[in-house]
Amino acid sequence: QVQLQESGPGLVKPSQTLSLTCTVSGGSITTNGYYWSWIRQPPGKGLEWMGSIAYSGTTYRSPSLQSRTSISRDTSKNQFTLQLSSVTPEDAAMYFCARGQGISWYDYCGQGTQVTVSS
């Protein structure tokens, strides 16, 4: 069974860069056909897809966040990473990593990590 675990700082200061890592077990991030995504949910709001990295290494980013996001991977560690620059309090959310056979639906998801943006 595939398991995903998010890790990163729970608290980030405004204007800093948030870096989150998703560690995957039970399956390889290079397995053909799978996409590895970052999704977030601000308090009281719906889910927002932020971006994905495909099994091939191709990345996809939400147009609304494209200028601030970077997604990369370390295949030797079976991890993929999200970087979100110039964070503001509006970036405070629960951040999830997930796997799917596309960028918009998911079959496995991590438990999420809460990120607060405050000075």
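**Entry 1: Arg 40.** I began with Arg 40, which counts as buried in this predicted model, because its relative accessibility of 5% is under the 20% limit for that class. I then looked for its partners and found that Glu 48 forms a salt bridge with Arg 40, with the closest N and O atoms 2.7 Å apart. Glu 48 itself counts as partly exposed, at 22% relative accessibility.

**Entry 2: a second partner.** I also noted that the side chains of Asp 91 and Arg 40 meet in a salt bridge, at 2.8 Å from N to O. This pair links distant parts of the chain, since Asp 91 lies in the loop between β8 and β9 while Arg 40 lies in strand β4, 51 residues apart. Asp 91 is buried, as is Arg 40.

**Entry 3: salt bridges elsewhere.** How many salt bridges does a search of the whole structure find? The search finds 4. One of the salt bridges joins Arg 99 to Asp 107, with the closest N and O atoms 2.7 Å apart; here Arg 99 counts as buried at 9% relative accessibility, whereas Asp 107 is partly exposed at 35%.

**Entry 4: the strands around β5.** Strand β4, residues 35-41, pairs with β5 in the antiparallel sense over 6 bridges, and the bridge partner of Tyr 35 in β5 is Ala 54. The hairpin of β4 and β5 has 6 residues between the strands, and in this hairpin Gly 44 takes a positive phi near 75°. Strand β6, residues 59-61, is joined to β5 by 3 bridges and also runs antiparallel to β5, with Gly 51 standing opposite Arg 61. In the hairpin of β5 and β6, which has 4 residues between the strands, I found Gly 57 with a positive phi near 100°.

**Entry 5: the open sheet.** I traced an open sheet of 4 strands in the order β1-β3-β8-β7, with antiparallel pairing. Its edge strands are β1 (3-7) and β7 (69-74), each of which pairs on one side only, and the twist averages 20° from one strand to the next. Between β7 and β8 (residues 79-84) I recorded 6 bridges, and I saw that Ser 70 stands opposite Gln 83 in β8.

**Entry 6: Gln 66.** Last, I looked up Gln 66, which is found in the loop between β6 and β7 and is partly exposed, with a relative accessible area of 40%. Gln 66 and Leu 84 are 18 residues apart in sequence and 9.4 Å apart in space, C-alpha to C-alpha.

Note on methods
Residues numbered from 1 in each chain as written. Predicted model: local features only at pLDDT ≥ 70, side-chain atom pairs only at ≥ 80, totals over all residues. Heavy atoms only, no water. Pairing = 2+ DSSP bridges. Helix = DSSP H or I, 4+ residues; strand = E, 2+ residues; numbered from the N terminus. Axes fitted to C-alpha atoms, helices over the stretch in contact; angles between N-to-C directions. Buried < 20%, exposed > 50% of the residue type's maximum accessible area, 1.4 Å probe, protein only.
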